[in-house]
Amino acid sequence: MSFNIMQKLTLQCLKADQPLMTTVRNASKKTGGSTRNKKGHARPKHRGWRVQDGHHVSEGTILATQLTTRFHPGLNVGFGRNGTLFAMEHGKVYVTCEPIDPNWDHTWIQRNYAGRQDQTIYKKFFNVIPENQHQRFRLVEEI
């Protein structure tokens, strides 16, 4: 009985005088195009000098960031694990160009300074000269 009802319904839907209607769903938004700046590109690191020659800095101030050793630590300047130079005392920054005496047995030195064994190599050194300290001292007796 239920089969007869289904047949009647399908015959009524598929009569020749009624057109067969189909619906097509179109996209409601445009498709995305290609982009040049993809997600995986890292932002620039902006390495280099942070403090210029002659400026006053406080303790812990970053003086320069670098990937390879372009700049070397001088007086009162620390060298971080990632090559960052930072001030270890309050004072004035002086950048000097001095000759270096590299350890030629080191493989990193051999790789970076190959063919320059007989030359004098100059590099920039960051120095922090402490500000004038007070001249008030107490006399302490020796034991």
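Predicted model: local features only at pLDDT ≥ 70, side-chain atom pairs only at ≥ 80, totals over all residues.
**First stop: the aromatic rings**

A search of the whole structure finds three aromatic pairs. In the pair of Trp 49 and Phe 71, the ring centres are 5.8 Å apart and the planes stand at 90°, so the arrangement is edge-to-face. Trp 49 belongs to strand 1 (residues 48-49) and Phe 71 to strand 4, so this pair ties together parts that are 22 residues apart in sequence. Phe 71 has a relative accessible area of 2% and is buried.

Because Trp 49 lies in strand 1 and Phe 126 in strand 8, the pair ties together parts that are 77 residues apart in sequence. Phe 126 has a relative accessibility of 0% and therefore counts as buried. With the three residues in view, one can see a cluster of Trp 49, Phe 71 and Phe 126 linked by ring pairs.

**Second stop: the surroundings of Phe 71**

Which residues does Phe 71 touch, not counting those up to four places away in sequence? Among them are Trp 49, Ala 64, Gln 66, Phe 79, Leu 85, Lys 124 and Phe 126.

Now select Val 51, Val 57, Leu 63, Ala 64, Phe 71, Val 77, Leu 85, Ala 87, Val 93, Val 95, Phe 126 and Val 128. These 12 residues make up the largest nonpolar core. Strand 3 (62-65), strand 6 (85-87), strand 7 and strand 8 each give two or more residues to this core. A second, separate core has five residues, including Ile 109, Tyr 113, Ile 121 and Phe 125. In soluble globular proteins, nonpolar side chains tend to be buried together.

**Last stop: the partners of strand 8**

Strand 4 (residues 71-73) runs parallel to strand 8, and three bridges join the two. Here His 72 stands opposite Phe 125. Strand 7 (residues 91-100) runs antiparallel to strand 8, with 10 bridges between them. In this pairing, Pro 99 stands opposite Tyr 122 of strand 8.

Key:
Residues numbered from 1 in each chain as written. Heavy atoms only, no water. Pairing = 2+ DSSP bridges. Helix = DSSP H or I, 4+ residues; strand = E, 2+ residues; numbered from the N terminus. Core = buried A, V, L, I, M, F, W, Y, C linked by side-chain atoms within 4.5 Å. Buried < 20%, exposed > 50% of the residue type's maximum accessible area, 1.4 Å probe, protein only. Contact = heavy atoms within 4.5 Å. Phe/Tyr/Trp six-rings, centres within 6.5 Å; stacked < 30°, edge-to-face > 60°.
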